Amino acid sequence: MDNNRSQSFEISRVFAAPREIIFKTWTENEHFAKWWGPNGSTLEIVKMDARTGGEFLGYQTSPDGNLVMWRKFVYQEVVEPEKVAYIQSFSDEQGNTVRAPFSTSWPLEILNIITLEDNEGETLLKLKGYPVHASAEEHASYNSMAPMLQRDLEGAFDKLADYLAL
């Protein structure tokens, strides 16, 4: 079991929409595909079954079209409209877990926990992530890339805010 949970990544953001809407943007493919991923990237969803025990499989394409990265989520806990927890991994087209294309020391599995709190018609979203079943080297790799995670998630959350404004 993972004994280094203290090394986690956390980000919060307030969105000008009720949490029921924000929850749907995380759990319904027609919404999720419109905003998930770093700025300029696109997401194609092959499968999205956002319920406890369900799975997501999809791939992101870089802005220049030269890099395609498959991702899978295994949903650990989905509680409408307040929580989505999933283990995220890089994968192949069949959903088999693979190493990240950018690092041989990136953790194979990362647990992300999203909580949504009602804030007078707006929603406070908190995302906490940390490696699971990871070696010390994988934890160090994850921690060293925290600035990149921050930038990519801020970009994705900017895309979500823009999507909500439509």
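Residues are numbered from 1 along each chain as its sequence is written, and side-chain values use heavy atoms, without hydrogens and water. In this predicted model, local features need pLDDT of at least 70 and side-chain atom pairs count only at pLDDT 80 or more, while totals for chains, interfaces and linings use all residues.

Rings of Phe, Tyr and Trp (its six-membered ring) pair if their centres lie within 6.5 Å; planes under 30 degrees apart are stacked, over 60 edge-to-face, and the rest tilted. F73 and Y86 form a stacked pair, with ring centres 4.2 Å apart and planes at 25 degrees. That pair links distant parts of the chain, 13 residues apart: F73 lies in strand β4 (residues 68–79) and Y86 in strand β5 (residues 83–91). Strands are DSSP runs (E, at least two residues), numbered from the N terminus. W35, W36, F73 and Y86 also belong to one aromatic cluster, which includes F15 and F157.

Accessibility is classed as buried (under 20% relative accessible area), exposed (over 50%) or partly exposed in between, with a 1.4 Å probe and protein chains only.

| Residue | Relative accessible area | Class |
|---|---|---|
| W35 | 0% | buried |
| W36 | 8% | buried |
| F73 | 2% | buried |
| Y86 | 1% | buried |
| E120 | 77% | exposed |

E120 is placed in the loop between β7 (110–119) and β8 (122–131). On the surface, E120 gathers with E20, E80, D118 and E122 in a patch of negative charge; patch residues have over 30% relative accessible area and no salt bridge, like charges being joined within 9 Å. A salt bridge is a side-chain nitrogen of Lys or Arg within 4 Å of a carboxyl oxygen of Asp or Glu.

Conventions:
Helices (H or I, at least four residues) and strands (E, at least two) are DSSP runs, numbered from the N terminus. Patches are made of residues with over 30% relative accessible area and no salt bridge: like charges are joined within 9 Å, nonpolar side chains (Val, Leu, Ile, Met, Phe, Trp, Tyr) within 5 Å. Accessible areas come from the Shrake-Rupley method with a 1.4 Å probe; for residues, only the protein chains shown count as cover. Lys and Arg count as positive and Asp and Glu as negative; His and the chain ends are not counted. The place of a charge is taken as NZ of Lys, CZ of Arg, CG of Asp or CD of Glu.
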